[in-house]
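Here are some notes on the model you sent.

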Amino acid sequence: MQDFVLDHVKPGMMLREALIELKNQDETLTFRHSCGEGVCGSDGMNINGLNGLACITPVETLTEPVEVRPFPGVPIIRDLVVDMTGFYKQYHSVKPFLIRYDPEPEVENIQTPEDRDKLDGLYECILCGCCSTACPSFWWNPDKFPGPAALLQSWRFLADSRDQAMEERLDNLDGPYKLFRCHTIMNCAYVCPKGLNPTKAIGHIKALMLKHSV
Amino acid sequence: MNIPIRRFDTLILGAGGGGLRAALQLARADAHVAVVSKVFPTRSHTVAAQGGVNAALANVTPDNWHWHMYDTVKGSDYLGDQDAIEYMCRAAAHLVYELEHAGVPFSRLDSGLIYQRPFGGQSRDFGGAQATRTCAAADRTGHAILHTLYQQNIRARTNFFDEYFAVDFICDDEGAVLGALTMDIATGELLVIEAKTILIATGGCGQLYRTTTNAHINTGDGMGMALRAGIPLQDMEFFQFHPTGVAGKGMLITEGARGEGGYLVNKDGERFMERYAPNVKDLASRDVVSRAISIEVREGRGCGPNADHVMLKLDHLGSDIVAKRLPGIRDTCKTFMHLDPVDTPIPVFPTAHYVMGGIPTDRFGRVVKPSGNAPEEVIPGLYAAGECACVSVHGANRLGGNSLLDILVFGRAAANDILGFLKKNRYHRPPNQEYIDKAYERFARWEKTGDGESVQSVRADLKKVMEDHCGVFRTEKIMQEGVEQIKAIRTRIPDVRLQDQSKVFNTARVEALELENLADIAMATMRSAEARQESRGAHSRIDYPDRDDARWMKHSLYSLEDDTLDYKPVRTKPMTVETFPPKKRVY
């Protein structure tokens, strides 16, 4: 652990700004960051024991001394920068893209507003990794268990009225280390900085899989 | 210096919407593509685009591409190239449908068609009633598009070099660009990527300014690389200030907020846009609205204790509209200002947002530069698309909703032309070691140790100069001072030293290389702005308040080598339709 002192916390200051000021004191302090408004998902880290985004975490709300650590359970590259390769690999593993077999129409596919509403709370994921790196099942089996972020995306496509690959998606999630490795610990939903609920999405997939297998 | 080399058909610098759209086209056509990005692709700044993408789908009101073209030409204050604008507006609908097929979760109308909202500068029938042309996924359209394009690239098995920083191009004696020197940020290892074709899609340079809607990564790296490779930058004086950045902080509040019915008020509660744009009011072009806000504040009608901003009112829209159509900006307001726009107006002020200028290209995405008597000679195999490029479809002022369109249209156009080029040019031209060494020198310079100024202090000064000397309103004197100050700042850079000499994920070194890019682009911007003695689009001169078509209906070209400006004519002839001749621009 390295100690830093920030003399002056401006009102409304976010943790990202505080880290930038500390980096101005010591440029070796290393962390990822970019948009500064919780959209790009670069600056996920463990803040006083909870995963979150530095750019939307007000310093004033944090108990001092503030303990900032890299995400738990993933290899550390340097300071707050972790190796996210495994996380991205799991994301890729759930085929996170729309699959259709019908010929493409000349115009848009029709989707009712009600069907489109089913994607709310799913498509907004920014792949920051807060959820998966807070998940004990992911810590234990990062190479086999897709983790909450990837499973949320799996449901995002299963729930899309336009997608036509339900069976292959469900087959892909069958087995002891896939979907059913989620033990509804719910750390994912607790830490998601976008207010999304991967556990709920996983529940929907489980229900669909059951329905599909009987 | 022995640096490993890898060879690809195409090297794409940047993994925002432009780079990813091109990569997708190329990977699907079985070209061997490398996408180099200094951040993981979904962190690219396309992710922050909110309001939507323009296409005349006519899902809500009657519309066609020709009206869209008219609005874009008028919006550009007649500096846009009309062949490229026609091409873009004609392609728009097809490209939006294609995105929908690829999975973009567009919001929907009751009919199940793609939701569209009105945006600034949109009209029906060549300047008639307000059009409704902006296709939206709530107020997260950029996020939806960027993620979808990345997802489809996974499917197409594109080669990604994530968190690789491109240092410089590797050229040859004839001025051809044959590859780039890149650095793996995680390890500090260098890699030369040779390619038969290169697409620059590195985005904008909003980090030139202190208060900006742009992300930390928007440092114009591709533009800096182009300048150093002897390619001029075009129309850099035209920098868009978005009317509604959060006052003092800079977060973007989408134009869609006004498209959904929001409006601006001054300290007297007056809806002041009625005075500046009697017909369309708050949905005038961005340059017009930004100037209006600046004038209101300058004349003492600003809000707040320092009278330094105006208010954006959404509290009459009702919570349903705000929750459904503007959920992202509602979150932003709650997080950063502890206010809910459903019941409290948002303090806003014009904020640096988008560079209309960039690397000069034609409508096929090919980079062009003057050569002898030809104003536009193609540099074979080199392409640029998106905010870093200047086609020019935006001219002196970009319309909201046209930047997402620009990246799609010209990302695809470049890819199409690249496929043709690859068919005719089947072999790599081996680069000369001398040029690799030259690129390496620039990189290695930062390994000098000792005492010196920090990157951060120079970067902060540079941003301050740009903000103070190249803002919404400009004068000769202020910009001349600006040029001198940027010169002075550039002379400090050789004495800057890095305290962090680690090879592992050294972000200080990345920021040092970015600073060099920013400093060169700042010079291009200030010099081009100082020279243009007229007011057009986003370039407002207090000392030259009128547009001067006789002298200035031409594109600026700034070259770094000899710090000079050159000019080339605007392409006023469209591909098939009649020219829209310059008219007085009223909204």
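1. The second largest cavity holds about 100 Å³ of space. A cavity here is a set of points, on a 1 Å grid over the protein atoms alone, where a 1.4 Å probe fits but cannot get out. The volume is the space filled by probe spheres set on points joined across faces, edges and corners. Lining residues have an atom within 4 Å of a point. There are 16 of them, and A:Cys125, A:Cys128, A:Cys131, A:Cys192 and A:Leu196 are the closest to the centre.

2. This is a predicted model: local features need pLDDT of at least 70, side-chain atom pairs count only at pLDDT 80 or more, and totals for chains, interfaces and linings use all residues. Side-chain values use heavy atoms, without hydrogens and water, residues are numbered from 1 along each chain as its sequence is written, and chains are lettered from A and ligands numbered from 1 in the order written.

3. The lining of the second largest cavity divides into 14 nonpolar, 1 polar and 1 charged residues. Nonpolar means Ala, Val, Leu, Ile, Met, Phe, Trp, Tyr, Cys and Pro; charged means Asp, Glu, Lys and Arg; the others, Gly among them, are polar. Helix α5 (residues 147-158) of chain A gives the most to this lining, with 3 residues. Helices are DSSP runs (H or I, at least four residues), numbered from the N terminus.

4. Helix α6 (residues 166-173) of chain A buries A:Arg169, A:Leu170 and A:Leu173. Buried means under 20% relative accessible area, exposed over 50% (1.4 Å probe, protein chains only). The buried residues fall within an arc of 95° seen down the axis of α6(A), so they line one face. The arc is that of the directions from the helix axis to the C-beta atoms. A:Glu167 and A:Asp171 are exposed on the face turned away.

5. The buried residues of α6(A) pack against α5 and α8 (198-213) of chain A, with contact meaning heavy atoms within 4.5 Å. A:Gly175 follows α6(A), with a positive phi near 115°.

Technical notes:
1 Å grid on protein atoms, 1.4 Å probe; cavity = no way out; pocket = protein on both sides within 12 Å on 5 of 7 lines; lining within 4 Å. Helix = DSSP H or I, 4+ residues; strand = E, 2+ residues; numbered from the N terminus.
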